[in-house]
Amino acid sequence: MNKNISSVFWIVIAITAAAVLWGVIAPENLQNVSETAQTFITNSFGWYYLLVVSIFVGFCLFLIFSPIGKIKLGKQDEKPEFNLLSWFAMLFSAGMGIGLVFYGAAEPISHFAISSPSGETGTPQAFRDSLRYTFFHWGLHAWAIYAVVALCIAYFQFRKDAPGLISSTLYPILGEKVNGPIGKTIDCIAVFATVAGVATSLGIGATQINGGLNYLFDIPINFTVQLILICIVTVLFLASAWSGLGKGIKYLSNMNMILAGLLMVFMLIVGPTILIMNSLTDSIGQYISNIVQMSFRLSPNDPGKREWINNWTIFYWAWWISWSPFVGIFIARVSRGRTIREFLIGVLVAPCILAFLWFSIFGVSAIDLEQTGAFHIAGLTTENMLFGTLDNYPLTMVTSILALVLIAVFFITSADSATFVLGMQTTYGSLDPSNSVKLSWGIIQSAMAAVLLYSGGLSALQNTAILAALPFSIVILLMIAALYKALSTERKDIKQSEKYQKPRSPRVKKA
């Protein structure tokens, strides 16, 4: 056995292989079991997901306004490794890529015309709710989940020189137990949550590329086509992973931002521009005004609204949590040298602004087509809604191909980033995991995505994300407690040091 590979690698490989084998042999059974478990969790622990994610948001805001925010994620003389634009591009591409394109038109149109949070589809209230709740699902709460995990990893790894492992962040409260079975269990939970979360996104990416090809070129939508797409993209992202973090992911992330920017600006110009800007401004106000109410909305006495919350809000919170080990570790890796305050403001605010712009442009463009009767976007499958929207505006073929390329590049960057993180987590926190380890994880992720699609399509992918998130949410709460304890101790030490370093006023002798 390679001495650089930890036992976590083999344990999670075994668990994932068992899940893949289960999906191949008995796909219907896997679908039924995952669906039953998912229903139980959303019905029994929906309140828990809402509370725990709200705690994450509160903790981030507390640190931003606290004197603790001055502490640097690294040594005091360190400078950030990546410039601001590349840093933002990488964290955004890893954090939301495929999902943003997949749901860009689909989520707002769904809330407006298919299943409204208020229960009144097609109304002015449904229009307002469509963007308000989309902003809620992709805004501060999502990025707060990523931010707390990333902050914990970056602080302990770069300031305290601990290994870049999830378990290492719990040393202040668990002590040497992090080096034993408890620590290994925590790392296994984190790695499996990462595999499940990324597999979900890879499956969604393959589904939407297939949908786009079907809409444009009549290529059939089926598992065979999706499997071929997964295989092609797997080869591409493994080639990128082989080239290393500073080249592959950095260049692809910058390319993502350029492509996304071009598509957004074009649609803003040719779409209902005034309506888009009015809706963006109004929805930001609605989002800020109602954020507390939305954060704790569970509708226990209204089964219809409760089902909507389970299918959207609870699913999203679980999806973000299942992604948080991967995105958190990756964001930590590229954020060395920034202060806690700078880090949190950057991670929380900048991606939210871009997400709000994206959903306003594509969501309002789709809703406008639906409202005016120009095209029935809501009648399309989820993966075709973006392409149906683009089809009703100028340069359809150009924008649709651009969207396909964007999805593919997001697909590659997400998987590429995940192979690095999984490699890091299974080689004792190495900042430069071997290519053989990254290659192994790349193949495993793709196999997991393929099996989940085979066993139950998108619903199986979503169920898996929710199941993987529950145990890791408990780990995140422990990470927050450990980080606060360590930061409080360091803050006291800094104050004590500043006290002794203050120059004393010279004494004046009495005459």
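The model is predicted, so local features are given only where pLDDT is at least 70 and side-chain atom pairs only at pLDDT 80 or more, whereas totals for chains, interfaces and linings use all residues. Residues are numbered from 1 along each chain as its sequence is written, and side-chain values use heavy atoms, with hydrogens and water left out.

**The whole protein**

Display the entire chain as a cartoon. The secondary structure comes to 16 helices and zero strands; helices (H or I, at least four residues) and strands (E, at least two) are DSSP runs, numbered from the N terminus. The radius of gyration is 23 Å, close to the 24 Å that the globule rule gives for 511 residues, so the protein is as compact as a globular protein of that length. This radius is taken over C-alpha atoms, and the globule rule is 2.2 Å times the number of residues to the power 0.38. Along the principal axes, the C-alpha trace spans about 95 × 65 × 50 Å.

Next, colour the residues by accessibility. Buried residues make up 59% of the 511 residues, where buried means under 20% relative accessible area, exposed over 50%, and partly exposed in between (1.4 Å probe, protein chains only). Accessible areas come from the Shrake-Rupley method with a 1.4 Å probe; for residues, only the protein chains shown count as cover.

Select residues 181-217, which form helix α8. Its 37 residues should span 54 Å at 1.5 Å a residue, and the end C-alpha atoms are 53 Å apart, which agrees. The expected span of a helix is 1.5 Å times one less than its number of residues. Of the 37 residues in α8, 28 are buried. Just after α8, D218 takes a positive phi of about 60°.

Move on to helix α13, residues 340-372. From its first C-alpha to its last, α13 reaches 47 Å, close to the expected 48 Å. Because 24 of its 33 residues are buried, α13 is largely enclosed by the rest of the structure. Just after α13, G373 takes a positive phi of about 80°.

Select Q38 in helix α2 (residues 27-65). Q38 counts as buried, at 12% relative accessibility. Apart from residues up to four places away in sequence, Q38 touches N463, I466 and L467; contact means heavy atoms within 4.5 Å.

Then select W312, which lies in helix α12 (residues 303-333). W312 is also buried, at 13% relative accessibility. Leaving aside neighbours within four places in sequence, W312 is in contact with Y103, E107, S110, H111 and H137.

**Salt bridges**

The whole structure contains six salt bridges, each defined as a side-chain nitrogen of Lys or Arg within 4 Å of a carboxyl oxygen of Asp or Glu.

Begin with D129 and R132, whose closest N and O atoms are 2.6 Å apart. Both residues lie in helix α5 (residues 124-138), three residues apart, about one turn of the helix. An α-helix has 3.6 residues a turn, so residues three or four places apart point the same way. D129 is buried at 2% relative accessible area, and R132 is buried at 8%.

Now show K160 and E490, whose side chains meet in a salt bridge (3.5 Å, N to O). This pair links distant parts of the chain, 330 residues apart: K160 is in the loop between α6 (140-159) and α7 (171-174), and E490 is in helix α16 (residues 435-501). K160 is partly exposed at 41%, whereas E490 is buried at 9%.

R338 is buried at 3% relative accessibility, while E342 is partly exposed at 33%.

**A patch on the surface**

Switch to a surface display and select F217, M255, M397, I401 and V405, which form a nonpolar patch with about 400 Å² of accessible area together. Patches are made of residues with over 30% relative accessible area and no salt bridge; like charges are joined within 9 Å, and nonpolar side chains (Val, Leu, Ile, Met, Phe, Trp, Tyr) within 5 Å. Helix α15 (residues 396-425) supplies the largest share, three residues. I401 is found in α15 and is partly exposed at 38% relative accessibility.
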